[in-house]
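Subject: Structure handover and what was found in it

Dear colleague,

Please take your time with each part.

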There are 2 protein chains.
Amino acid sequence: MNQDFFDFVSIQLQRDAKDALYVQLYSALQELIVSGQLTCGYLLPPVRKLAAFLQVNPGTVAGAYKLLEQNGYIFSRAGSGSYVAEITGSTGEECIAAVPEPEIETFTRLERVLPDNCIDFSTVMPPPDLLPIDDFKNIIIEVLDRDKGNAFSYQDSQGFKPLREAISSYLKEQGIKAQADNVQIISGAQQGIDIIAKALLNFGDYVFTENPTYPGAIAAFRSRGAKIVEINMESDGMDIQELESKIRSFRPKLIYVMANIQNPTGYSYSLAKRNRLIGLARRYHAMILEDDYISELDVSDMPLVPLKALDRDQRVIYLKSFSKIFMPGLRLAFLLMPPQLVSKVLTVKHHSDISTSGLTQRAFDLYLRKGIWQKHIAAVRRIYLERYQIILAAIGQFLPPAVICHRPMGGLTCWLMLPAGVSAAKVVQEAEKAGVLLTPGTAFFPRQAPDKYLRLSFAVTCSEEILQGVKVLGRVIEAELGEI
Amino acid sequence: MNQDFFDFVSIQLQRDAKDALYVQLYSALQELIVSGQLTCGYLLPPVRKLAAFLQVNPGTVAGAYKLLEQNGYIFSRAGSGSYVAEITGSTGEECIAAVPEPEIETFTRLERVLPDNCIDFSTVMPPPDLLPIDDFKNIIIEVLDRDKGNAFSYQDSQGFKPLREAISSYLKEQGIKAQADNVQIISGAQQGIDIIAKALLNFGDYVFTENPTYPGAIAAFRSRGAKIVEINMESDGMDIQELESKIRSFRPKLIYVMANIQNPTGYSYSLAKRNRLIGLARRYHAMILEDDYISELDVSDMPLVPLKALDRDQRVIYLKSFSKIFMPGLRLAFLLMPPQLVSKVLTVKHHSDISTSGLTQRAFDLYLRKGIWQKHIAAVRRIYLERYQIILAAIGQFLPPAVICHRPMGGLTCWLMLPAGVSAAKVVQEAEKAGVLLTPGTAFFPRQAPDKYLRLSFAVTCSEEILQGVKVLGRVIEAELGEI
């Protein structure tokens, strides 16, 4: 391939899509610019050359360039070509263009005012009354009495050693061979993704993700200037044929997956696909970042085994949050790493925030050792298992049969595909008017997001609210179906 | 300039230096490779062309290339040229090459075993018995009783609003106009630097730093692929002439400074230099990141005013840690930003670790509002003021007159320049044998570190230890002087 077009290999145009080709190209180029892959001053290829490379009419490229120029993304110099522009605006903004700004997920915008009496299927954060306050308060007091000033001193950047040991024992119970030396304590799962991105990715490297996937991961990879290539999710895991064909072309450094109860789909990988995924990663020298999002809340008879348990070749980096679902404000997670990554990741962690709060680490260590964590999880599982059964029953009962919902293996959410012709954005809007909050699926697609998915979370809704909310949703979808 | 040599403009070779030119060039190229500025597969310029550009003999470039190849940094292909190599090693390491790995500062390696009875002038971490445990424990209990589950829920990514309000009131008392809306809560000062690097810097952008400076900042900038240009520190601030000449050539996006009690020198900027710095930043559209490292511990009659207080043009980002010196394990700091940066920085914070621990934020908010923080600072100041006076007196009394120590405006460290011919590395080594730990100055120079500076910290040493330790240091330096 001609080196000049290397920056444009990720562009995929679809002749049968709703948007005209030049609009698709505009969006693709705009994304390359906004994500920092084409930086200020970059000379774009001449219209005819890019057209030949993309196998489109020169008018398509010219149209896309014109639109980019109108919107300030590029500028042209007579006789010299088109260049990527700086972000302009008020004084000082000239130097603010490094990271794209995708929508911050709703659950962190706590200050947003919810309508009274609304039914909230959008948040995945458990309600404060499910959090184990009294237990944790006693633990903190015990730690402060025991450790005194040491609880506030700097922690080793890799993490409080007794906690790393407690985690490796906990992992062994889950079938994962783990040593405390390969555990890195981090400040929540998002930081884990960010640290792995910093440790492994250089500008322009390829990263594979599931499609759809967790938008926070996309943002972390893009902030490293990485190029995202998405692989479609099927109900038993990634489309392996697609993975195989793309991995050969793109040679990604990293594949980001959630093998159990994927976010947002709730899908889990079959054993066959787990093995294929690991095999392909080995063959093409890619690392795998496994984000174990929520496997504690599985509902299957067989416990969900992490991908990491199958990793005989030190290809899998295992990421697990202890705080995400159960004490989200604590910001505590860990990485279990192949030994060759340990010192690299430690350095990156140190440069990111030196260490994770020592008090939090010491308190969680005691919490884990005393078995209170395990008891808390068991209690929360019972509550959510009931809600899980109720929401699936309600979906079967109240939603039109044309709405497709794959039964997830557990978790806190359901993923719905709306019937052809019904817009998810419209359904979200109409449901909100009727007091029901939903998350549109578009947030979870790195690009070309189809407007037909919804994520329903039952993290904060009680049984009655679930029944009532799904009923309302059914009426809204039926009304939309009636308008087709 | 020919575009081909743009990656090499930062290389400066000195004909009168101790190292041969080809060794200097080797080091410079090695740094470009290790820091990720020249990535794997990069085709280096032909020997003759690079020699012409650098105005050196072709043999110099050939020698540097040969040394790079011997050490595995580059490889050559017959007839095609020399290319930057991948990091090799055990399986899987082929994808581990994104971030350089400077030495992690000693104070975070808590597990290192200190010799018995040693006098530790190397750590800047206060001893656990100076930390306000009982006060903080009561505050945490009060917060948990008051906020219950909310203390463990997700926090708004910008930070707990009452804390942002408490901080802006606190800043107003220091002469800084601040609004809670422009305050971003972060998990320690290192994260603040990392977040600003992510928000402002693209691959290849220039950043100016003081020389010497805090190595954690260098690491964060390099991890963004930024190019560091250092400006020498003088006892009244940056060399402004050097700044003016370099700012014109390099057009940096960011200038990182510690205007008060700089780390590691202890120097503070004169008012004239503060104004010149801000004026140059304005003229050349650079942002300034002011790291207010330790201005609470000033000893001057006039309180040290932050640079931010002079910022009429929204050029200065103000970074302040509450935890650094006083409760380092807490990981709590904030950024006060120009309004145009607020949403950008919020997004980057969210992608870095979602939010800072809510419990920590709520506890510190109460701590600040009740005035306990202010009382604690006052108590700690008294202790350190005494040690400051003792160490300066001891330096005057026990060190040879040829050792130069500029009187810092406060802080926890002294910066010593050794007499010509005395190696700081050797002094550190000999002092350690005699039970005295020191930090060599080399850690603080982005490149070409001179072997003649020492940093002495009195964070954990009591008065007797200070006297005893400086005496030992005096004997070690005199012995070295005797060997010249």
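This is a predicted model: local features need pLDDT of at least 70, side-chain atom pairs count only at pLDDT 80 or more; totals for chains, interfaces and linings use all residues.

**A helix in chain A**

Helix α9 of chain A covers residues 271-283, and its 13 residues should span 18 Å at 1.5 Å a residue, which agrees with the 18 Å that separate its end C-alpha atoms. Which residues of α9(A) are buried? They are A:Lys273, A:Arg274, A:Leu277, A:Ile278, A:Leu280 and A:Ala281. These residues cover an arc of only 165 degrees around the axis, which puts them on the same side of α9(A). The face turned away from the buried side carries A:Leu271, A:Ala272 and A:Arg283, which are exposed. If you look for what covers the buried residues of α9(A), you will find that the cover includes the strands β6 (227-234), β7 (237-238), β8 (254-257), β9 (287-292) and β10 (316-321) of chain A, together with α8 (240-250) of chain A. Just after α9(A) comes A:His285, which takes a positive phi of about 55 degrees.

**The sheets**

Strands of a sheet pair through backbone hydrogen bonds, either parallel or antiparallel. In chain B there is an open sheet of eight strands with mixed pairing, and its order is β4-β11-β10-β9-β8-β5-β6-β7. Its edge strands are β4 (183-186) and β7 (237-238) of chain B, each of which pairs on one side only. Within this sheet, strand β5 (residues 206-211) of chain B runs parallel to strand β6 (residues 227-234) of chain B, and six bridges join them; B:Tyr206 stands opposite B:Lys227 in β6(B). Helix α6 (residues 189-200) of chain B packs on the sheet, where it touches β4, β8 (254-257), β9 (287-292), β10 and β11 of chain B, and its direction makes about 155 degrees with that of β10(B). Helix α8 (residues 240-250) of chain B lies across β5, β6, β7 and β8 of chain B and runs at about 165 degrees to β6(B).

Further along chain B, strand β13 (residues 413-417) is mostly covered, with four of its five residues buried. β13(B) pairs in the antiparallel sense with strand β12 (residues 404-405) of chain B over two bridges, and B:Cys405 stands opposite B:Leu416 in β13(B). β13(B) also pairs in the antiparallel sense with strand β16 (residues 453-457) of chain B, over five bridges, and here B:Trp415 has B:Arg455 in β16(B) as its bridge partner.

In chain A, an open sheet of four strands has the order β12-β13-β16-β15, with antiparallel pairing. The edge strands, each pairing on one side only, are β12 (404-405) and β15 (439-440) of chain A.

**Aromatic rings**

How many aromatic pairs does a search of the whole structure find? Over all chains there are 39. In one of them, the rings of B:Phe322 and B:Phe364 have their centres 4.7 Å apart and their planes at 35 degrees, so the pair is tilted.

**Two buried residues in loops**

A:Leu44 lies in the loop between α1 (21-34) and α2 (47-54) of chain A. Is A:Leu44 buried or exposed? A:Leu44 counts as buried, because its relative accessibility is 4%, and the cut-off for buried is under 20%. Leaving aside residues up to four places away in sequence, A:Leu44 touches A:Phe8, A:Leu38, A:Tyr65, A:Ile74 and A:Ser82.

B:Leu131 is in the loop between β3 (119-120) and α4 (133-147) of chain B, and at 6% relative accessibility B:Leu131 counts as buried too. B:Leu131 and B:Phe326 are 195 residues apart in sequence, yet their C-alpha atoms are 6.3 Å apart in space. Beyond residues up to four places away in sequence, the contacts of B:Leu131 include A:Gly149, A:Phe152 and A:Ser153 of chain A as well as B:Phe326.

With best wishes

Conventions. Residues are numbered from 1 along each chain as its sequence is written. Chains are lettered from A and ligands numbered from 1 in the order in which they are written. Side-chain values use heavy atoms; hydrogens and water are left out. The expected span of a helix is 1.5 Å times one less than its number of residues. Buried means under 20% relative accessible area, exposed over 50%, partly exposed in between (1.4 Å probe, protein chains only). The arc is that of the directions from the helix axis to the C-beta atoms. Contact means heavy atoms within 4.5 Å. Rings of Phe, Tyr and Trp (its six-membered ring) pair if their centres lie within 6.5 Å; planes under 30 degrees apart count as stacked, over 60 as edge-to-face and the rest as tilted. Two strands pair if DSSP finds at least two bridges between them. Axes are lines fitted to C-alpha atoms, for helices over the stretch in contact, and angles run from 0 to 180 degrees between N-to-C directions.
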